[in-house]
Amino acid sequence: AKQPGFLIYTPLFEPKGGAVDFRGWVYSPLRAMDLFGPLFANGEGEPVAVAIYDGEPNDQNLLYRSASPDGAASLAQTRPLTVAGRTWSVAVSST
């Protein structure tokens, strides 16, 4: 199934005669639901809902949502988190 995700790249170097040579790139495609789903419970009756956005918290930037809060959450907070040079917004709210 299609889902939001992101790629992580890192350079690959090889030691050679006291120096290092650039060999290429290694990358990993990460599917957000597959990565975050096991980390944040997704069952009924969970006390919190977690949403992760790539950038500002809006529907177009949504990477993952564990559950939608029922009505207005009595407790909620959104914080920026820097991940590999990008700013994600992590929203946690009571259910």
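Tutor: The radius of gyration is taken over C-alpha atoms, and the globule rule to hold it against is 2.2 Å times the number of residues to the power 0.38. You're looking at a predicted model, where local features need pLDDT of at least 70, side-chain atom pairs count only at pLDDT 80 or more, and totals for chains, interfaces and linings use all residues. Residues are numbered from 1 along each chain as its sequence is written, and side-chain values use heavy atoms, with hydrogens and water left out.

Student: Okay, what radius of gyration does the protein chain have?

Tutor: The C-alpha atoms fill a box of roughly 65 × 25 × 20 Å along the principal axes. A compact globule of 95 residues would come out near 12 Å, but the protein chain has a radius of gyration of 18 Å.

Student: What pattern does the chain follow along the sequence?

Tutor: Helices (H or I, at least four residues) and strands (E, at least two) are DSSP runs, numbered from the N terminus. The chain holds 1 helix and 6 strands. Read along the sequence, the pattern is β-β-α-β-β-β-β.

Student: In what order do the strands of the open sheet sit?

Tutor: Two strands pair if DSSP finds at least two bridges between them. The sheet has 4 strands with antiparallel pairing, in the order S4-S3-S6-S5.

Student: Then which are its edge strands?

Tutor: Look for the strands that pair on one side only. Those are S4 (62-65) and S5 (76-83).

Student: By what angle are neighbouring strands of this sheet turned against each other on average?

Tutor: Axes are lines fitted to C-alpha atoms (for helices, over the stretch in contact), and angles run from 0 to 180 degrees between N-to-C directions. For this sheet the direction is ignored, and the average is 20°.

Student: How many bridges join S5 to S6?

Tutor: These two strands form a hairpin with 2 residues between them, and Ala84 in the turn has a positive phi of about 50°. Within the pairing, Thr78 stands opposite Ala91 in S6. The strands run antiparallel, and the number of bridges is 8.

Student: Why is S3 largely enclosed by the rest of the structure?

Tutor: S3 (residues 48-54) pairs antiparallel with S6 (residues 86-94) through 7 bridges, and with S4 through 3 bridges. Buried means under 20% relative accessible area, exposed over 50%, and partly exposed in between (1.4 Å probe, protein chains only). S3 counts as largely enclosed because of its 7 residues, the number buried is 5.

Student: How many residues make up the largest nonpolar core?

Tutor: A nonpolar core is a set of buried Ala, Val, Leu, Ile, Met, Phe, Trp, Tyr and Cys residues joined through side-chain atoms within 4.5 Å. Phe6, Ala32, Phe36, Val50, Ile52, Leu63, Tyr64 and Trp88 belong to it, a total of 8.

Student: Which elements each supply at least two residues of this core?

Tutor: One of them is the helix, H1 (32-36). The others are strands S3 and S4.

Student: Is Leu62 buried or partly exposed?

Tutor: Leu62 lies in strand S4. Contact means heavy atoms within 4.5 Å, and Leu62 touches Pro4, Ala51, Ile52 and Tyr53, not counting residues up to four places away in sequence. Its relative accessibility is 22%, so Leu62 counts as partly exposed.

Student: Which backbone nitrogen does the side chain of Ser66 reach?

Tutor: Ser66 is in the loop between S4 and S5, and it counts as buried because its relative accessibility is 4%. A polar contact is a pair of N or O atoms within 3.5 Å; within protein, one must be able to donate a hydrogen and the other to accept it, and residues adjacent in sequence count only if both atoms are side-chain atoms. At 2.8 Å, the side chain of Ser66 reaches the backbone nitrogen of Val50.

Student: And how far is the backbone nitrogen of Ser74 from a polar atom of the side chain of Ser94?

Tutor: Ser94 is in strand S6 and, at 16% relative accessibility, counts as buried. The separation from the Ser74 nitrogen to the Ser94 side-chain atom is 3.1 Å.
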